[in-house]
Structures are given as structure tokens and as C-alpha cells.
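Here is a friendly walk through one model, written for someone who likes to know the cut-offs behind each term. Please have a look at the sequence and the structure before reading on.

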Amino acid sequence: MKKVEIFTDGACKGNPGPGGWGVLLRMGPHEKELSGGEAGTTNNRMELMAAIKGLGALIEPCRVDLYSDSKYVLDGMQKWIHGWKRNGWVNASKKPVKNADLWHDLIEAALPHQVTWHWVKGHDGHPENERVDALASAAAARIAAGG
């Protein structure tokens, strides 16, 4: 099974507002950057989209080390989803889980792979996190400018 590193980030100009996501995929010496965005979105949705798009770009099952500065994404996948599934996708406050559509997509995207989730401190000089932050911010700026 191939080993892949995925670095992800999301950005939003206003929350909600125009948003972007960025991904860096790395397998050995090979790298690929991906980015995109949406007009009316939130930072959390863009963080989820980055992870979904990164995992979705893989064409075969892989061992994945996924790096994100989003505690929301990591806690969701490592802690919260088990309770959400058990409780019919309502949270501890008995309210529907926010962004459930994207959580379902992320679960689906992760299924074929052996994913290890890693948190990195954002805006702290981590080279790959800085790269994906720049990709996400540029995508959000393009959306904000009407592109």
C-alpha cells in the first residue's frame, strides 16, 4: 500500500463569506497542489472540504498521514463522529450536527484508506501548512473578487 502525506487548510474572508481550501499531496518526491473555493461558506466548511478533496484525489487505497491545523476536523474524525452516528447525527446539545453533509463526505472519502490524523499549529512557520494556507487564502481571494 502506497504511503501519502496530505496537508490541508481552509480560509474564509468573513465567516460566513467567500472561502477557499488548499491541499498539498506528497508521495515520495512527487507533489501535487489543489485548491478551490465557494462564495458563501464558513471556515469550518472549507477545512472539511480541503480534507475531502485531498483524500478524494487518491486513486487507490493508501496509508495516509493527513495534517491539518483544524481541531474541528481532527476532533470530529477522531472523537465526535462515533457519538454522532450513535445518536442519529445530533450533537451533545441535541441539535443537528453542523456541516453533516460534509462530515458524511469526509467519512466516505477516508473509508478506502488507512488515515492517521495529525494536528499542526497554524501560522507557526510549518512549511507545508504555510503552503496550503497560501493556496486556501488565494482561492478565497479569487472567489471574493468574483473569480
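## Glu38 and its neighbours

Contact here means heavy atoms within 4.5 Å. Leaving out residues up to four places away in sequence, Glu38 touches Gly17, Pro18, Gly19, Met46, Met49 and Ile143. You will find Glu38 in strand β3; strands (E, at least two residues) and helices (H or I, at least four) are DSSP runs, numbered from the N terminus. Glu38 is partly exposed, with a relative accessible area of 30%, on a scale where buried means under 20%, exposed over 50% and partly exposed in between (1.4 Å probe, protein chains only). The C-alpha atoms of Glu38 and Ala140 are separated by 7.6 Å, although the two are 102 residues apart along the chain.

A word on the source: this is a predicted model, where local features need pLDDT of at least 70 and side-chain atom pairs count only at pLDDT 80 or more, while totals for chains, interfaces and linings use all residues. Residues are numbered from 1 along each chain as its sequence is written, and side-chain values use heavy atoms, with hydrogens and water left out.

## Helix α4

Does the length of α4 agree or disagree with what its residue count predicts? Its 18 residues (127-144) should span 26 Å at 1.5 Å a residue, and the end C-alpha atoms are 26 Å apart, which agrees; the expected span is 1.5 Å times one less than the number of residues.

The buried residues of α4 are Glu128, Asn129, Val132, Asp133, Leu135, Ala136, Ala139 and Ala140. Seen down the axis, they fall within an arc of 160°, so they line one face of the helix; the arc is that of the directions from the helix axis to the C-beta atoms. Among the elements that cover these buried residues are β1, β2 and β3. After α4 comes Gly146, with a positive phi near 95°.

## Helix α3

In α3 (residues 100-110), the buried residues are Leu102, Trp103, Leu106, Ile107, Ala109 and Ala110. Down the axis of α3 they fall within an arc of 165°, so they too line one face. They pack against α1 (43-56), α2 (71-86) and β5 (114-119).

## Loops and backbone

The loop between α2 and α3 holds Trp89, Ala92 and Asn99. Trp89 has a positive phi of about 65° although it is not a glycine, and Trp89 counts as buried at 17% relative accessibility. Asn99 also has a positive phi, near 65°, and is buried at 16%. Ala92, by contrast, is exposed, with a relative accessible area of 78%.

In the loop between β1 and β2 sits Pro16. A cis peptide bond joins Asn15 and Pro16, with omega about 15°.

## The largest pocket

The largest pocket has a volume of about 270 Å³. Of its 13 lining residues, the closest to its centre are Val4, Leu25, Met27, Ala57 and Leu58. On a 1 Å grid over the protein atoms alone, a pocket is an open set of points where a 1.4 Å probe fits, with protein on both sides within 12 Å along at least five of seven lines, and lining residues have an atom within 4 Å of a point. Points are joined across faces, edges and corners, and the volume is the space filled by probe spheres set on them.

β1 (2-12), β2 (17-27) and β3 (30-41) each supply at least two residues of this lining.
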